[in-house]
Structures are given as structure tokens and as C-alpha cells.
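Dear colleague,

I am handing over the structure we spoke about, and below it you will find my notes on what came out of it. Please read them with the structure open beside you.

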There are 2 protein chains.
Amino acid sequence: MALRFQELSQEFSLQFNKKHFPEKPETLYGAASYMLEDGGKRIRPVLCLLGNEMFGAIRPDTWKIADALELFHNFTLIHDDIMDKAPLRRGRATVHAKYNESTALLAGDVMLLRSYEYLSQTDPKYSRELIGLLNKTGTEVCEGQQLDMDFEKKEWVTLEEYLYMIELKTAVLLAACLQMGALVGGASLQDQEHIHAFGKNLGLAFQVQDDWLDSFGNPHTFGKQKGGDILSNKKTFLLVHALENAAVPTKKSIRDLLVTNPPDKVETMIRIFRETGVDQAAQQAKKNYMDQAYDHLNQISAPAIRKVQLKELADYLLERDI
Amino acid sequence: MALRFQELSQEFSLQFNKKHFPEKPETLYGAASYMLEDGGKRIRPVLCLLGNEMFGAIRPDTWKIADALELFHNFTLIHDDIMDKAPLRRGRATVHAKYNESTALLAGDVMLLRSYEYLSQTDPKYSRELIGLLNKTGTEVCEGQQLDMDFEKKEWVTLEEYLYMIELKTAVLLAACLQMGALVGGASLQDQEHIHAFGKNLGLAFQVQDDWLDSFGNPHTFGKQKGGDILSNKKTFLLVHALENAAVPTKKSIRDLLVTNPPDKVETMIRIFRETGVDQAAQQAKKNYMDQAYDHLNQISAPAIRKVQLKELADYLLERDI
């Protein structure tokens, strides 16, 4: 039998598969629709639906909000792909690669506008709060993306700076999705804060795991090239932690690897990560975040049976190898 | 003595000259602030303030909305400049030229988010309507920009298509600025529609004039290079009208000019425009739009004395040579 989040993901995908935009100009809306056909895991709308369900039956408005959040997420992906000059996303040409950068830029813009439009259509008794939350979260996501780009040019990034960046870039949107659903479901302000904190910590744990998997995951189940982050000198939890905590000679070895790009760069870096205990540190950080997440989940004043679905989703997202 | 719109422009600029963004990340917010320092004529916020004033004293909320509209306008300028690869705007380096395209893209995004934030802070009794109007208008502006880009690649554009494009790209935002101010000032729905229609026709007249000035304006007072649109083969009212209405041999001459780019391209094209009566057609179109604009202005149920300021602004914008 499918788990609840899997049912909701399927149900969401079915209802999301509709016309979100008019026909014309077809260059613009063709590009926007192309992005949405992509599918993806629809994690964010599902979090919103589960956030509502913890406090009551899913309301029609929550489906609208789930649409808004999926559109918002796709807006960030289109613009991020332009900035990263990424040719592919999940095996398909990115929007700017298939169309052009200008159309992709505008397609992202109309997608953001449409997500506000969907939020505006919800009951006035909470639409104002929802829009306020999107204003705040959207701004934080942009700040996170800017910090991520800034880090590429910096030689030195502290672990604290890195964790703040992933909090903004990834975690706060997951948190906001849960909170919006909970708000509409009738959660108290305190429970909204707890479910937000659950989502934020879940997001941080997920990102740390993603960094860990790049070096230590099983490339067959992970689905990405092993050591891709190492090859591109990406500032990850592992690299930042090693540069901050390793002994001076090891730090120097790492710096040399970043500059010289030897053929055995990936293996050497992974060996250094292992020797300096960075893999353990990542596992510990992930565990700490998950402990905090579950602590907030436990404090929510809803029957334990209603919390099972979120735990199942968290387990699904986080029990990948690490 | 300064006219009312000039007073309001000055007053707006003074209060707008404040921190709209936090300090960090300074790469992102430095770029956003750089754009806003630019100044500009602040036409859109002034229209919003005048729209309010036609129906009553300017409310504190209207200043917030004026801020939102100026931010929205600057969001469109930053993104348009990226798409047009424009190196300069009003004599200064564009945001993407001074920083980089990625930061400019994100600076535009946070500016759009901030304009929603300002609208969200207004009285709930009209914030929902204001946000709905920004959703609609913003989407139309993006559609207009896409059509404008599409036209660059098309050999053949009808006058109807051209006018629809400038309506979306330029006119509807001016209309929305007036309507938002009127709404907060207490205008009836009917009066809101009239002031919106006034603004839309004013915008169309202004754009047709702008096209006319490129060929027939006094370069000293117009402030742009004469024939710049001709040199870049831009689809303007003049070119589109000529290609639609001229005799077949003249059409062929125009097509040849577009392809061969002779040294006397500008003078030859202007001569053709004159011979085919396109300059007269532009003047007539401008007059028709202004007649319609004033017709809507007259129908607004406010004392005539309250309409003087908008007429003064329209005269200022439209009595430039043509």
C-alpha cells in the first residue's frame, strides 16, 4: 500500500497537470509550461498538504496554496539554472537552453506572479498571512542563492556561514510549505512555529546528507556522478568543515587539490575527508538536525497518529544511505 | 511656482530615498540599491499619488503603494536591461553591467518581492484588491516584453499587434498606478475604471509620441540619438504603419533599407515616412488616444478643479515637439 505522502504526491500531480497560463504569447507560456511538465517529486506541495492534514481535513484552498508553492519553487529553479548556466535538469534541457535566456527569465517572472495570484485567491481570513510568508521566504531564498554565488568566489567560508546559506536557500521554503498548510488547517501560532522549525531542520538535514552522498553515497542509488561537488570545488559541508577543522598540513593538501586538479582529485579528497572525520561530522550534524526536527514535531499539539505521515516522509527523504 | 505633480515628484523622491533593503548580502542589496539611486522621473508613483488626490487627501498607505510601484517599475527595468544587453541606462552603467547578470537577475527578483511586501502592509480593506491588480498588471507587462522580443524576430507585425504590445508593455502599468491611488482615495468602481482608461490611453499616446520623436523630434530636446530606432530596425509605430499601408514599391524600398543598411538609411527612411504620411498618422493616433483619455477623465465624478493636476502632467508628458 502506498504511504500517505505518496498518495498525496500522485493526487497533487494529477490536479496540478492543468493549464496555469493562457495560450499567448506562446513563446513565453510555452516555456513556462515546458518547465512544469518536468514533474519532479512535488515535495513542497506535499509538505503543504500534510501540514494541513495534521490539523484537519485538507481544504480546497490548500490545493491552491500547494499550486502556488510548486510554481514558486519552479520560478527559483528556472532563474537558478540561468545563473548556473546549467544545460540540463533531470535529464531534460533547461528552459534557457531550450528557449533562450530572456524567455526563461520572463517565464520565471510570470511564474512568481502566478504564485501570488493563487495565494490571493484564498480566503481573506488567511491570504494576507500567506502572502506575507511568501514575501519573507521568497526574499530569503534569493539571499541564499546570492550567498551561494558569493561563496564560489571566496576562498574561505566558515561552517556557520555555510549553514546559514543552506538554511536560506533550501530549508526555509520547506518550512514555509508546512506552515502554510498548518495555518489553513487551523493550527495555533505556536504549532505553526513548531512545524516551521520541523521543516527547517529537516531541510538542513537533507542538504547535509546531499553533500555527504556526493562523496560517500552509492552512485547507483544516488543518481548523480560521484564526487561532482569535489570536481567543481563546490563549497559543501564536507569541504567547509575540513578546511575549518583539519590540521594545518591537511588544510594545505586540500588547498593544493583545489588548485592543481590532479586526475585522482576525487579519491584523494574523499580519503582526506575520511581521515579528518568529516564524514562522521556530517552524519552527526544530520542526526542533530533530525533530533531537533523531531523534537519540534513532538511538541505540536496534535495526536501522535497525525504525525506519522510527516515522519514517513522524513524517513523517505533522509534514509538514503547515510 | 511648481506644478502639483512636480511638488509630488520631489516629495516622493525625498521619502523614497531610504533603506528598502537590509545590509546583507551586500552583493545583492548593493546592486538593488544602486538601481534605485538612479532617480528617474518617478512618473508612476506620482500618478498613484495624483490618483488618490483626485478623490481625497493622500493617505499614508498611498505612499507605501507608490513605493511598491516604483520598485515594481525598477524590477522590470533591471530585467529588461539584462534581456536587451543594454550597457547604459540614463548615462550610468546598468545593474548587470556594473555587477553581473546573475546578481542583477536576483536584484530584480527581490525588488518584485519587496513591492508585494509594501502592498501587503496596507489596510486589509483594500490590500487584496491592490495585490490582485499587481498580479494582473505585472503579468501583462511581462507578456508585453515577450511580444516586443518576439517582434524583433518577425518580419511582419500588424499595427494592431504593435499597439497591443505597447499597451501591455507600457500603458497598463501607468493605468494601474492611477487606479491604485484612486482606489485608496475612495473612488467608486466606475471612477476607477475611468481613471484606468485615462492612464492606458495616456500611455499609448506617450509611446506613439516616443516613436515619432525618434524620427521627427528635435534631438537636442529629445535627448536621444536621432533615428536610433531606424538604425536598429526597431518595430515602431512608424515602421509598422508604413509596412502595412504604403504602396507596394515603397514597401519594397523599406524592406531593402532594413536589409542593406546603407549610410543614408536614417534620412532615406525618414523621407519615406514623410512621403507615406506616417508622421501624420502618428500625430493623429496620438490625438485620438488623448481624446479618449480626456473623455474618460471628464467622466470621472470629481470636481473639475481636481482634474487639473492630471491634465498638467499629461500636457508635460505629451507636449514634447509633436
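Does Lys85(A) count as buried or exposed? Lys85(A) counts as exposed, because it has 11 C-beta neighbours inside 10 Å; a residue is called exposed if 12 or fewer other C-beta atoms, placed from the backbone, lie within 10 Å of its own, buried if there are 20 or more, and partly exposed in between.

Please keep in mind that this is a predicted model, in which local features need pLDDT of at least 70 and side-chain atom pairs count only at pLDDT 80 or more, while totals for chains, interfaces and linings use all residues. Residues are numbered from 1 along each chain as its sequence is written, and chains are lettered from A and ligands numbered from 1 in the order in which they are written.

Lys85(A) lies in the loop between helix 4 (60–84) and strand 1 (88–89) of chain A, where helices (H or I, at least four residues) and strands (E, at least two) are DSSP runs numbered from the N terminus. Its phi is near 50 degrees, a positive value in a residue other than glycine. Most residues other than glycine have a negative phi, and most peptide bonds are trans.

Turning to the two chains, chain B can be laid on chain A with an RMSD of 0.0 Å by a turn of 180 degrees and a shift of 0.0 Å along the axis, the superposition being by least squares on the C-alpha atoms of residues with pLDDT of at least 70 in both. The two copies are therefore related as by a two-fold rotation axis.

Between the chains, 32 residues of chain B are in contact with 32 residues of chain A, contact meaning that the C-beta atoms, placed from the backbone, lie within 7 Å. Helix 7 of chain B provides the largest share of the side that touches chain A, with 15 residues.

Within chain A, the domain assignment, which is automatic or from a database, gives domain 1 (1–186) and domain 2 (189–300). Their centres, taken over C-alpha atoms, are separated by 24 Å, and 20 residues of domain 1 are in contact with 16 residues of domain 2. Helix 8 of chain A gives the most to the side of domain 1 that touches domain 2, with 15 residues.

With best wishes

Note on methods. Contact = placed C-beta atoms within 7 Å.
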